[in-house]
Amino acid sequence: MLNEKIESILNQQIEKEAYSSNLYLSMASWAQNNGLEGTAEWLFAQAEEEKMHMLKFIQYINDRGGKAIIPALPQPPHEFENVQELFEQVMKHEQYISASINEIVAATIEVRDFTSNNWIQWFVTEQIEEEATVNAILDRLKLLDGKNFYLFDRDLKGIRTAE
Ligand code: FEO
């Protein structure tokens, strides 16, 4: 049986992963409307990854005898200054998610739920990959120094999303 505190913090994470998915969908839509097909493709794939993350939390809570709750979500932003500002927001968001996963790790240790502690480690590794991928994208953007987004966008098709 899942500890109440762990059930609650995992349910909060369902909301964060679902919001992540919607945020990246919104960004993908913006990219598509601004002629950035490669960026849109990357963001649509990322939105799918986030949905998969959300499903993992739902399954885990229910498998352990808890109740996964599907939340209402706030509307994500839909206007972005440019592609650089967009990816800076992605980075900020992923750092926020990493901090939130760390809080779950801390909570599992606090209540000595070592099963959940073991389970959440997959997300600890995942966040390292997610931040590294976005960092690599931001590095490319820095090199371009505001020029030639066409090449950046084309190259982005070659950068896979984290799994
Ligand atoms: Fe599910 Fe990008 O964190």
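# Helix packing exercises

The crossing of helix 4 and helix 5 is right-handed. The model is a predicted one. The exercises below work through its helices and their contacts.

**Exercise 1.** Decide how helix 4 and helix 5 are oriented to each other, and list the residues that join them.

*Solution.* 
- Step 1. Take the geometry. Helix 4 covers residues 114-144 and helix 5 covers residues 149-156. Their axes cross at roughly 160 degrees and come within 10 Å.
- Step 2. Apply the cut-off. Angles over 145 degrees count as roughly antiparallel. Helix 4 and helix 5 are therefore roughly antiparallel.
- Step 3. Find the contact. Helix 4 supplies Ile-137, Arg-140, Leu-141 and Leu-144. Helix 5 supplies Phe-149, Phe-152, Asp-155 and Leu-156.
- Step 4. Sort these residues. Six are nonpolar, two are charged and none is polar.

**Exercise 2.** Describe how helix 2 packs on helix 5, and classify the contact residues.

*Solution.* 
- Step 1. The packing angle is about 35 degrees, and the axes lie 7 Å apart.
- Step 2. Helix 2 crosses helix 5 in a left-handed sense.
- Step 3. From helix 2 come Glu-37, Gly-38, Thr-39 and Trp-42; from helix 5 come Phe-152, Asp-153 and Leu-156.
- Step 4. The contact of helix 2 with helix 5 holds three nonpolar, two polar and two charged residues.

**Exercise 3.** Work out the orientation of helix 2 and helix 3, then describe their contact.

*Solution.* 
- Step 1. Helix 2 spans residues 37-63 and packs on helix 3 at about 15 degrees, with the axes 13 Å apart.
- Step 2. Angles under 35 degrees count as roughly parallel. So helix 2 and helix 3 are roughly parallel.
- Step 3. The crossing of this pair is left-handed.
- Step 4. Helix 2 brings Thr-39, Trp-42, Leu-43, Glu-50 and Phe-57. They meet Val-83, Leu-86, Phe-87, Val-90, Glu-94, Ile-101 and Ile-104 of helix 3.
- Step 5. Nine of the contact residues of helix 2 with helix 3 are nonpolar, one is polar and two are charged.

**Exercise 4.** Check the lengths of helix 1, helix 2 and helix 3 against 1.5 Å a residue.

*Solution.* 
- Step 1. Helix 1 runs over residues 4-33, 30 residues in total.
- Step 2. Helix 2 has 27 residues. From first C-alpha to last, helix 2 reaches 39 Å, close to the expected 39 Å.
- Step 3. Helix 3, residues 83-110, has 28 residues. Helix 3 reaches 41 Å, close to the expected 40 Å.

Technical notes
Residues numbered from 1 in each chain as written. Predicted model: local features only at pLDDT ≥ 70, side-chain atom pairs only at ≥ 80, totals over all residues. Heavy atoms only, no water. Helix = DSSP H or I, 4+ residues; strand = E, 2+ residues; numbered from the N terminus. Expected span 1.5 Å × (residues − 1). Axes fitted to C-alpha atoms, helices over the stretch in contact; angles between N-to-C directions. Parallel < 35°, antiparallel > 145°, perpendicular 65-115°, else oblique. Left-handed = near helix turned anticlockwise from the far one by under 90°. Contact = heavy atoms within 4.5 Å. Nonpolar A, V, L, I, M, F, W, Y, C, P; charged D, E, K, R; others polar.
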